[in-house]
Amino acid sequence: MSRAGETGRPDHRIGLDSRAPGRLDPVADRFKSVLALEENKPDFPDLGSPVSPLRQHASTQTSSCSSSSGSAVPTAARKPGAGAPDARRLCHSGELFAESSSSAAEGRDLKTATHRRSGSGPLIFSGGSGGGGSSSTASSPVTNALPTGNICPSGKIGKTGMMHRTSPRSDVLGSGTGNYGHGSIIRGGMGGGGGVASRPGGDVGMWNSGGSNARTATGRMDPLEVTRTGNDHYKKGQYGEALAFYDKAVAMSPENVACRSNRAAALMGLGRLEEAAMECEEAVRLDPTNGRAHQRLACLKLRLGLLEDARKHHFLTEQPPDPVELRKLQAVERHWVKCGDARKVGDWRSVLSEAGAAIAAGADSSPLLVASRAEALFHLHQLDEADSILTRSLKFEDSFSFFSAAKIFGMLSHSYFYIVKAQVDMALGRFEIAVTTAEKAKRMDGRNIGVTTVLNNIRSVASARAQGNELFKSGNYAEACTAYGEGLKYDPSNPVLLCNRAACRSKLGQWVKSVEDCNEALKIQPNYTKALLRRADSYAKLERWAESVRDYEVLRKELPGDNEVAEALFHAQIALKTSRGEEISNLKFGGEVEEVTSAEQFRAAVSLPGASVVYFMTASNLHCIQIAPFVDALCTRYPSASFLKVDVKRSPGIAMAENVRVVPTFKIYKNGKRMKEMICPGQQVLEYSVRHYSL
């Protein structure tokens with residue numbers, strides 16, 4: 001086998017190390033050499049194209065090889081009729097170069113192919129520019145010049161089945177026992193390492209390293225093509241598809257910084273910021289001087305609220321920081337400082353405002369700022385909103401390892417998040433969950449005095465509540481009242497303990513104090529149904545009927561299907577009418593539809609407190625017959641409303657006075673005033689109207 005030094009020419013065979021002839025680079029090294037181009041690095045901060053188009057290699061050199069005797073074979077193409085039977089030329093060890101006579105006749109440059117004579121590693125073709133001006137970094141040899149026989153180590157071409165079969169040689173292209181040709185060049189030694197097969201269509205298919213015939217998931221593309229395909233998806237906003245291709249590129253070349261940066265860009269597009277940041281950190285580890293990786297990592301750190309890390313990565317390289325990102329960082333830092341200052345003096349409205357401004361300025365995915373807003377909402381007694389944003393932020397829980405060293409307000413960041421959540425849980429009555437969450441914060445930041453104090457308070461409140469509940473169930477209302485009071489010493493604004501103590505005081509006949517506790521609980525949690533119900537009942541015990549009716553009316557809207565609330569409202573309304581000296585007679589809660597036969601009876605019925613539904617009908621009308629069962633069902637479903645019916649044939653005077661000409665007709669009165677009239681309504685419309693005016 002001749003060497004480059006013996007012919008005076010450099011060795012241009014792809015995949016061979018000129019320093020050690022015959023030895024192969026590892027697959028990863030070859031991919032790295034292909035991908036590690038400056039053009040492959042992502043443009044920053046413009047994410048419209050995560051990777052600049054890769055420049056095609058200019059490996060269009062015409063390879064030459066020597067014969068087995070050491071003489072060089074001419075590389076000039078023979079024209080048709082020049083004495084050559086075809087356009088094939090042989091090199092030593094059976095290597096073959098082919099030229100297309102048809103291409104030559106059309107005046108185009110002939111493509112040349114340099115083949116690797118190795119038993120392992122991929123076979124990569126470098127094509128030159130054709131007459132059309134196109135080029136390719138991975139293309140097949142000219143297919144119409146390939147032989148139909150065997151390519152043999154001796155340098156001769158024999159017809160299929162005519163050659164003596166010998167043991168395969170791993171160092172010779174095409175060695176082995178198979179028959180080749182018809183447009184495919186396959187490296188010998190199929191049981192050896194992976195390779196590449198170039199097919200007539202020009203695609204390059206990657207064979208797996210185990211030597212099986214199954215292609216890898218790259219879809220018969222090399223790393224450059226994988227990256228280009230990912231870029232196409234990225235530009236279209238198809239980040240999931242782009243990530244799939246970037247994952248393959250990283251698998252091919254795990255130490256390539258550009259591949260890592262591309263994957264980070266796709267992860268950012270998918271909103272998976274923590275994963276993107278970890279990918280950028282790996283890129284920075286591989287190349288600490290890579291300015292683009294540092295800039296992207298700084299951007300991610302800012303969005304996550306890690307301001308010190310963001311500033312560090314902006315200035316770690318000689319490349320100047322992006323001015324837009326730097327202004328964002330400075331704005332977030334200003335709002336963060338104001339947020340901390342407001343928290344020190346207990347100005348929770350300013351804390352809420354500044355934390356929101358910091359999020360809007362650029363730290364839009366910071367769990368620390370979210371926790372700060374939740375803490376402010378907790379102290380402002382907006383518990384439901386605080387709970388809502390903390391619940392949505394639980395998606396950050398898996399990324400807390402990312403914030404392990406960060407501190408906020410003297411606590412480790414993740415322990416601060418859990419402490420805030422524990423306080424909100426306790427205020428909403430989730431005492432066991434609150435204790436568990438606070439204990440988690442303690443394990444993370446065991447030496448912090450603030451964390452320890454909050455945990456002890458939560459344990460004390462939970463214990464007092466459990467003790468009070470047991471005493472209340474056993475009828476020891478005075479002792480239960482004392483137990484709830486002990487818990488309120490540690491958390492004076494806990495609405496659950498206040499409401500429970502109000503229940504004890506109501507049982508003890510201390511209705512004024514019961515109302516006071518309910519008032520305090522409703523200041524903290526305005527939609528606390530239990531506190532509102534107990535206050536309405538205490539008002540009724542104090543015969544403060546107007547306040548009782550007001551509370552029960554609110555409860556009827558919140559609990560439309562609760563018959564107990566409906567009945568309590570009905571009796572409170574009757575008591576209110578009575579206290580005002582109004583005449584009340586023949587009133588009952590719920591029951592059947594009552595028939596009205598005289599004008600006096602009709603006027604008295606519709607003047608009653610609450611809603612009255614009057615149903616004008618005739619016994620023989622088909623529509624009336626069909627809707628009658630539904631009216632009976634509504635009477636049972638809405639017991640606080642009075643249901644009356646008027647047969648227009650039996651009581652024509654009422655029908656004439658009410659100007660009823662069509663049946664069925666429904667009229668709804670409330671406190672003596674007509675509210676709505678419906679002629680032949682559907683069931684849904686009728687029920688909606690009854691529900692609306694009876695609440």
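**Notes on the predicted model**

1. Start with Arg535, which sits in helix α20 (residues 529-541); helices here are DSSP runs of H or I with at least four residues, strands are E runs of at least two, and both are numbered from the N terminus. Arg535 is buried, at 14% relative accessible area (buried is under 20%, exposed over 50%, partly exposed in between, with a 1.4 Å probe and protein chains only). Not counting residues up to four places away in sequence, Arg535 touches Val515, Cys518, Asn519, Leu522, Arg550 and Asp551, contact being heavy atoms within 4.5 Å.

2. Some housekeeping. This is a predicted model, so local features need pLDDT of at least 70 and side-chain atom pairs count only at pLDDT 80 or more, while totals for chains, interfaces and linings use all residues. Numbering runs from 1 along each chain as its sequence is written, and side-chain values use heavy atoms, leaving out hydrogens and water.

3. Now the cores. The largest nonpolar core has 72 residues, and Ile458, Tyr528 and Tyr552 have the most contacts inside it (a core is a set of buried Ala, Val, Leu, Ile, Met, Phe, Trp, Tyr and Cys residues joined through side-chain atoms within 4.5 Å). Helix α14 (residues 413-427) gives the most to this core, with 9 residues. Apart from it there is another core of 34 residues, Val596, Phe602, Ile627 and Val648 among them.

4. Helix α14 deserves a look. Because 15 of its 15 residues are buried, α14 is largely enclosed by the rest of the structure. Just after α14, Gly429 takes a positive phi of about 90 degrees.

5. On to the sheet. It is open, with 5 strands in the order β9-β11-β10-β12-β13 and mixed pairing; strands pair if DSSP finds at least two bridges between them. β9 (594-595) and β13 (673-679) are the edge strands, each pairing on one side only. Strand β12 (residues 665-670) runs antiparallel to β13, joined by 6 bridges. Helix α26 (residues 683-694) packs on this sheet, touching β10, β11, β12 and β13, and its direction makes about 170 degrees with that of β13 (axes are lines fitted to C-alpha atoms, for helices over the stretch in contact, with angles from 0 to 180 degrees between N-to-C directions).

6. Last, the cysteines. Searching the whole structure turns up 0 disulfides, a disulfide being a pair of cysteine sulfur atoms within 2.5 Å. Cys624 is in none, and the nearest cysteine sulfur, that of Cys680, is 7.6 Å away. Cys624 counts as buried, at 2% relative accessibility.
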